[in-house]
Amino acid sequence: MGVPTLGCHCAVCESTDARDNRTRASLLLAYGGRNVVIDTTPDFRFQALRARMDRLDGVLYTHAHADHILGLDDVRPFNLKQDVAVPAYGAPETLAVLRRQFGYIFDGGPVESTLPSIELHVIDGPFELFGAKIVPVPALHGPQPVLGFRFGSAAYLTDFLRVPESSKALLEDLDDFILDALRHRPHPMHSNVEQSLELVRELKPKRAWFTHICHDLGHAETDAQLPENVRLAYDGLQFEVRL
């Protein structure tokens, strides 16, 4: 829902710590003059402006929930500037939702104005994107399958409750692991702080960053309780990874 959460006046929603002001979970991977984003959230326009993105070269989709896809139309300015379609990658069920949710983009009907130009590509295994190897990491968001992604020494895995053993093998020897940790209390669809800490202990990345955080977790207070190599992510966080 983002923080501050609409209609809420809790301590975190009214915090003056800028790190407690959270847009919906997403990631920008910038390399070789290319920009690839993971998910186009409802906040995508603001996130792209804040990151001073001058181009967009690709989108990776984890799944098709509203907080991960509804910024898709804001790809359009990059189409106009670059005069090229933007490739978007996702599981078949994710792409099916995109086609339905954004039928005006994909149904081929007559139009009276510009539309986003998107080329949909099914993810069916590891693939190369502008020279970087992208490894999909299947997980379960409650009963729903979702994808995380490994790229070089880092991985991004949000909106999951359970990680199959076969996927854990794809998450070994990480420098940076960005993963879901919604809150302390259990949730039927998301990993909580304690469950994510257990996964970090098992996989042993050098650093872990918790994301997809709701207003239950104040940044400074929660960070103070975490192991030294685990921190809450925050909007605008940047670090280098080895591709």
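Student: Which residues have the most contacts inside the largest nonpolar core?

Tutor: They are Leu171, Phe177, Leu179 and Phe210, in a core of 24 residues. The model is predicted: local features need pLDDT of at least 70, side-chain atom pairs count only at pLDDT 80 or more, and totals for chains, interfaces and linings use all residues. Residues are numbered from 1 along each chain as its sequence is written, and side-chain values use heavy atoms, with hydrogens and water left out.

Student: Why is this called a nonpolar core?

Tutor: The name applies because its members are buried Ala, Val, Leu, Ile, Met, Phe, Trp, Tyr and Cys residues joined through side-chain atoms within 4.5 Å. Buried means under 20% relative accessible area, with a 1.4 Å probe and protein chains only.

Student: Which helix gives the most to this core?

Tutor: H7 does, with five residues. A helix is a DSSP run (H or I, at least four residues), numbered from the N terminus.

Student: What is Phe210 in contact with, leaving aside its neighbours within four places in sequence?

Tutor: Its partners include Leu179, Val193, Leu197 and Leu232; contact means heavy atoms within 4.5 Å. A second, separate core of 22 residues includes Ala91, Phe151, Trp209 and Ala233.

Student: What makes the lining of the second largest pocket nonpolar, polar or charged by class?

Tutor: Ala, Val, Leu, Ile, Met, Phe, Trp, Tyr, Cys and Pro count as nonpolar, Asp, Glu, Lys and Arg as charged, and the others, Gly among them, as polar. The lining therefore has six nonpolar, no polar and four charged residues. Among them are Phe44, Pro77, Asp54 and Lys81.

Conventions. Buried < 20%, exposed > 50% of the residue type's maximum accessible area, 1.4 Å probe, protein only. Helix = DSSP H or I, 4+ residues; strand = E, 2+ residues; numbered from the N terminus. 1 Å grid on protein atoms, 1.4 Å probe; cavity = no way out; pocket = protein on both sides within 12 Å on 5 of 7 lines; lining within 4 Å.
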